[in-house]
Amino acid sequence: MRSRSRLFGVFLPGLLAVVSIGLAACGSSSNKSSSSGSSSSGGGSASSSAVSSEIAKFPPLVTAPASAKKGGDLTVLANGDVDYIDPGAAYYQPTYMIDLAVDSPLMGWPPNDTAAPQPLLAASAPTVTDGGKTITFKIKPNIHYSPPTGGGPGWSKPVVSADVKYAIERSLMPGVPNGYTTLYFADLVGLAQAQAAVKKTPTKAPNLTGITTPDSSTIVFHLSKPSSIGLIDALSLPVSAPVPAGYAAKYDAKTPTSTYGQHQLDVGPYYVQTYQAGKEIVLARNPNYTAGSDFRPAYLDKITVQEGFADENSAVRKILTGSGMINFDFDATGEALKLAAQQYPKQLTLTPGGGNRYIALNVTKPPFNNINTRKAVIAASDRLALLDTRGGLLSGGLATHFIPPGIPGYQQAGGAAGPSDLDYIQHPTGDMTLAESYMKKAGYSSGKCTGNCTVTMVSDNTPPGSNTAQVFKAQLTALGFNVQLHPVEHATMYTKFCSVVANEPNVCPNVGWVKDFNDGQAIIDVPFNGGTIAGSPTNNSNWPQLNDPAINSALESAKYITDPTQRAAEYGKIDDMIMAQAPAVPWDWDYETNVNSTNVIPVVNSFNSLDDLAFTSLK
Amino acid sequence: MFRYIVRRILWGIAMLFIVSAVIFLIFYILPSADPAVLRAGRNAGPQQIAAIRHVLGLDKPIYVQYLRYMRDVFLHFNFGYSYQYSVPVRQLIFNRLPATIWLVIGAVIIWLGIGISVGIISAVRRRSFVDRASMTTSLAFISAPVFWLGLVSLYLFAKDIGRFKIFDGQGSFAGASTVFEKAGAMLLPWLVLAAATAAIYARYMRASMIDTMGEDYIRTARAKGLPERTVILRHGLRSAITPIVTLIGLDVGTLLAGNAILTETVFNIPGVGRLLYQAISQSDLTTIQGITLFGAFFIVFFNLVVDIAYAYLDPRVRYS
């Protein structure tokens, strides 16, 4: 998954500040800090149970109640838009809210499923042969496409396996800017040739020879290495939702971008009836969908995503006090979260978001090329104070390593307590004595940095990221560092500094990673695999630039483990190995904080931790 | 007069060329983020980024990009494709313009009505209680930022989240279908947007009116026995209003160009301003550049309109 959303813009801080004033004027508390974390951030330590207890108070429903009934219209309030309405390019968790309701990839995730994806367009679980290098799917018969988005003539033929093949092939086109195909389909036979072909002819989907369709209901994936688990997981992403070439090719041929998304065909219980970019998305029942053909009950009649609610406080209040509404791409944070937790607790759910936030320390440059200096920084870090910059313990769990709760490998990596053998991660509010001992080991005899102690830091220029940077700057200063902080726009931070290998500063305080699916590979491979750095000089996501041969090798091997238990254990072990190198300060395992109107029965899908529109209903 | 208008139009076009060049410099040569990387996403490899760069034409020499950009803008009125929405920027802007026009027209009517009336009354009743009260109130509204006023008004008066449920709340304009519903949804935004501007206009109007009412020809009009109402409205107002005309030309131009960004964002009105906000927050450079250029056009156009209007409003002004 792409790293953290940039959908909160430059004016939001001002709006937030003003809302605080507005709320205070209306008689609410204006205390910005919303959790127990704020009270404990001044010193001492907090137990793991204390810092992880908040989430238990606001559990989500992950199955629809037996009393759920059909009918009604739901309004989903959004700040921004989907990243791409085209399922071939969609790569943003809130966009998946739409995709889960309208698309049918080969595999899918029922809301309560965190173990492995279930067949969706596929008729049954795939057959894996050839030692994990050949995966064969049969697709369901008599699945028909919806009317196209925006109206017009559609596509009356039923879904065939070639439509799935074309859907994946088109995702290699520059006009369908998919962010993960080349990552998760890397072992697919013929991928390099297909990439070369699309370079020559960018307006035509290339032939992927590693995908064959012996008949209209069979699709076979041929891999050069036995990475079947990762591939099957990736086939639960929207890229494998069928797209008929005969219909879509004319839209895909447009430059500079395919316009298929605005004319798309869906096969789920709903379809995108209208899409007005940045304004509104309307999902209506798909008249060509056969009820019961998959696990989605589809209670609602119509779903309208209404965009432009830039001020989350008033939007959350509108949802809590209104009727038939839920949130889309914004969390309830700060004052809004406090309001929901205190006054509307039954309308708030906290769900582990399957992501982490950490402060990357560039291990290639002094002073953080010294492992003891890095350990000192982690030991000194008041991670509860960092967490407070996002709303405290209601907004996320205190991270002690990188694999977050809910992802296989989390427990094996130490669970909430973290790796017990690493003393520098044991103190949620920091331990200066321990930090100074590591500084001494790093060669700073006084326990604090002396001499050339300048470190550069590039951060977001808007809250909460800018606040996180300020807090961390103070923590580094306490260790004697002279921090040169450069706040810039979020996109600039990545594309000019933190993701550009040659330009990366000493510290990138606003980075993190969200799973693509429930697997350790999806959370720690890209951000810590040193093998990817050289190949991505301007789009590097290994922000600490950690390039440890043992970790790289372990990550490469883990991809090919097919036994789930062994796989989880291995990723947990790799997480420990990464933590032992101290490349970053993990401080947040995000929660998704979702709110709903009182007459809505929201069901959260564990896959993306957001409300599942195909399972949510009205009272 | 005709030659003057032609000359001003030519100057306007030249100005748009200059603005276009500056915009190109900012967004193509010195972009704050790499558009190809933004579009490709976090996991994209170098090949994919290169392919996107090629399709967007960003791998061409700068002068080729510039010529292509100018050709598209001036010959085809094409501002490019939005990286974020994958639709033409022109389509996005035209799609959003009606809501902005709704907002601007209503607000202009309110602020002109209030601003001019208050300004005249304050001027003719100078140093009275009414004058002092209205000028103090206007100062308060000028000092209140639009986004603050907007949010406070929502928390006080919006039907959805307000204490006193009087006006339609956030996002109601998007759901309104009839003219009456749209007007109802716009009432609070109109009042908020008009508040500060009306206050400014009132102060300008007052100052201009005080100057004008001291002129000899006003004294002459009074000496001729004309009713005071006629003196004020026919002789005083016509002359005193010229600075207001200048202001309104600029204000309407900038508001249509997206300067209602805060009002539209706070009230969730799907206009050009909110589009600009979304584009900024998502680093959608082509959309920002399109709106900027579009805004420059409006400002140049309304400046021209103001200059021509001067000739009709003020007999002392004649162009040759």
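Residues are numbered from 1 along each chain as its sequence is written, while chains are lettered from A and ligands numbered from 1 in the order in which they are written. Since the model is predicted, local features need pLDDT of at least 70 and side-chain atom pairs count only at pLDDT 80 or more, whereas totals for chains, interfaces and linings use all residues.

A compact globule of 619 residues would have a radius of gyration near 25 Å, and the 24 Å of chain A agrees with that; the radius is taken over C-alpha atoms, and the globule rule is 2.2 Å times the number of residues to the power 0.38. Of the 619 residues, 61% are buried, where buried means that 20 or more other C-beta atoms, placed from the backbone, lie within 10 Å of the residue's own. Two residues are in contact if their C-beta atoms, placed from the backbone, lie within 7 Å. Among contacts in chain A between residues at least 6 apart in sequence, 74% join residues at least 24 apart.

One sheet of chain A deserves a look. Strands of a sheet pair through backbone hydrogen bonds, either parallel or antiparallel. This open sheet holds five strands in the order E8-E9-E10-E1-E11, with mixed pairing; strands pair if DSSP finds at least two bridges between them. At its edges lie E8 (270–276) and E11 (325–327) of chain A, each pairing on one side only. On average, neighbouring strands are turned by 20° against each other, direction ignored. E8(A) runs antiparallel to E9 (residues 280–285) of chain A over six bridges, and A:Thr274 stands opposite A:Val282 in E9(A). Helix H10 (residues 312–321) of chain A packs on the sheet, touching E1 (73–77) and E11 of chain A, and its direction makes about 145° with that of E11(A); axes are lines fitted to C-alpha atoms, for helices over the stretch in contact, and angles run from 0 to 180 degrees between N-to-C directions.

Elsewhere in chain A, helix H11 (residues 334–343) is largely enclosed by the rest of the structure, because seven of its 10 residues are buried. Among them are A:Gly334, A:Glu335 and A:Lys338.

Chain B, in turn, comes to 15 helices and zero strands. Its C-alpha trace spans about 85 × 60 × 35 Å along the principal axes, and 46% of its 320 residues are buried. Within chain B, the axes of helix H7 (residues 146–157) and helix H9 (residues 179–213) come within 10 Å and cross at roughly 145°. Residues of H7(B) including B:Leu149 and B:Phe157 take part in the meeting with H9(B), whose residues there include B:Leu188 and B:Val192.

Finally, the two chains meet. The contact takes 59 residues from chain A and 51 residues from chain B. On the side of chain A that touches chain B, H1 (12–25) and H10 of chain A are among the elements giving two or more residues, and H1(A) gives the most, with six residues.

Definitions and conventions
Helices (H or I, at least four residues) and strands (E, at least two) are DSSP runs, numbered from the N terminus. A residue is buried if 20 or more other C-beta atoms lie within 10 Å of its own, exposed if 12 or fewer, and partly exposed in between; C-beta atoms are placed from the backbone.
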